[in-house]
Amino acid sequence: MPLSRRDFLTVSAGAGAALGAAPAPARATGRPRPFGRYGSPAARLTPGTLYVHPGGAGDVTTVRDAVAAANGTGRTLVVAPGTYRETVAVDRTRTAMTWIGASEDPRDVVVVYDNAAGTPKPGGGTHGTTGSATTTVQADGFSARWITFANDWLRADHPGTSGTQAVALKVQGDRSAFHHCRFLGHQDTLYADSMALGTFARQYFTHCYAEGDVDFVFGRATAVFEHCHFRTLSRTDLAGAPYGFVFAPSTAGANPLGYLVTRSRVSSEAPDGYYKLARPWVPSSDTTARPMLTVRDTRLGPGIDAVAPYANMSDAYPWQAQRFAEYRNTGPGAAVHVPENRPLLSSAQARSHTRETYLGDWRPYA
């Protein structure tokens, strides 16, 4: 039986390989060091470092309070193991901020909440998709390592709610990098976006894990996903396929570069063929969008419908008119059964679909 999302947050570290997390480093025995090798309030890594500990051994007990205290630019938050049930927003003024999970295991540091688009707000109305985000990052130059960003809102708990989008992370800043992070949710888990239609935000995700069902990686950023693991979830509320879609880019028409997935893998806990690889999102706020997704050198498991891996979100914007492409993928979900349904790049075309091309002079992978 699949784990519930809440169970998933607390599953034992011994199951790390199955959950897409890197093995945890060996931990020394003896005196506890809640901040690992990253100092402490008594011995700060840098003057701009703040320490978060749920039991009071740091500067503050919540990530939200740490962000509030981290004025200016270039601040670092070292977060001790714990489950931080809160919403957090990093505004545009807090540039070049870094979050570090102190244990260097993303399963140990979880920032989670359970708002959905249809969740009522205290002052009236509902949160909407953007307002549902557990963590929102608007600042440029943000980076995170070994953090889990989660939204554990469950459809089964709210059968009368129609707005089922529930974002774990919405990131809008340019030069945003995530290393060894996890993104857990169901619908709209990871919102890789930009601050405005004319703003092209570059984002980089490496050795990360993302899961969900409907459009669980979506938005208009220029985003590179390298060595990442995407996992599609089972659903008990639907009788048949499709259960959902892995990617839903909404790239602005003027932006020459959208999502690039490279050297990654897509697995599933659902029946074979129950998921589409992608569908284009052309939002009502930007009907000139031309969603762009390139998936290359990636293993597509049997959960992906290899016969028809793409679908329309709206028939007014057919996927064939957008910028979808594949190159040198492997696995049963990458098999070419209907050639017109698999837009394949030539070797010459693939040379322009690299992390270097997408990220330009920014090199977070160096």
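Colleague: Is Thr134 buried or exposed in this structure?

Modeller: Bear in mind that this is a predicted model. Because buried means under 20% relative accessible area, Thr134, at 1% relative accessibility, counts as buried. Thr134 sits in the loop between helix 3 (128-131) and strand 9 (135-137).

Colleague: Which residues is Thr134 in contact with, leaving aside its neighbours within four places in sequence?

Modeller: Thr134 is in contact with Glu86, Thr87, Val88, Val111, Val112, Tyr113, Ala150, Asn151, Val167 and Ala168, once those neighbours are set aside.

Colleague: How should I read the two faces of a strand, and what is the case for strand 3?

Modeller: In a regular strand the side chains alternate between the two faces of the sheet. Both faces of strand 3 (residues 49-52) are covered, with Thr49 and Tyr51 buried on one side and Leu50 and Val52 buried on the other. The chain then passes from strand 3 through helix 2 (residues 63-69) to strand 4, and this β-α-β crossover is right-handed.

Colleague: How many bridges join strand 3 to strand 4?

Modeller: Four bridges join strand 3 to strand 4 (residues 76-79), and the two strands run parallel; the partner of Thr49 in strand 4 is Thr76.

Colleague: What does the side chain of Arg182 make a polar contact with?

Modeller: The side chain of Arg182, a residue of strand 14 (residues 182-184), makes a polar contact with the side chain of Thr148 at 2.8 Å. Arg182 is buried, with a relative accessible area of 1%.

Colleague: Turning to charged residues, how many salt bridges are found in the whole structure?

Modeller: Side chains of opposite charge can pair when their charged atoms come close. A search of the whole structure finds 18 salt bridges, and one of them joins Asp215 to Arg279, with the closest N and O atoms 2.8 Å apart. That pair links distant parts of the chain, since Asp215 lies in strand 18 (residues 214-219) and Arg279 in the loop between strand 24 (275-278) and strand 25 (292-296), 64 residues apart. Asp215 is buried at 7% relative accessible area, and Arg279 counts as buried at 15%.

Colleague: Where in the chain are Arg355 and Glu226?

Modeller: The side chains of Arg355 and Glu226 meet in a salt bridge (3.0 Å, N to O), with Arg355 in helix 5 (residues 355-359) and Glu226 in strand 19 (residues 222-226), 129 residues apart. Glu226 is buried, with a relative accessible area of 2%.

Colleague: Which residues are linked in a network of salt bridges?

Modeller: Such a network links Asp174, Arg175, Arg202 and Asp361.

Technical notes
Residues numbered from 1 in each chain as written. Predicted model: local features only at pLDDT ≥ 70, side-chain atom pairs only at ≥ 80, totals over all residues. Heavy atoms only, no water. Buried < 20%, exposed > 50% of the residue type's maximum accessible area, 1.4 Å probe, protein only. Pairing = 2+ DSSP bridges. Right-handed = clockwise from strand over helix to strand, strands pointing away. Polar contact = N/O pair within 3.5 Å; in protein donor to acceptor, adjacent residues only side chain to side chain. Contact = heavy atoms within 4.5 Å. Salt bridge = Lys/Arg side-chain N within 4 Å of Asp/Glu carboxyl O.
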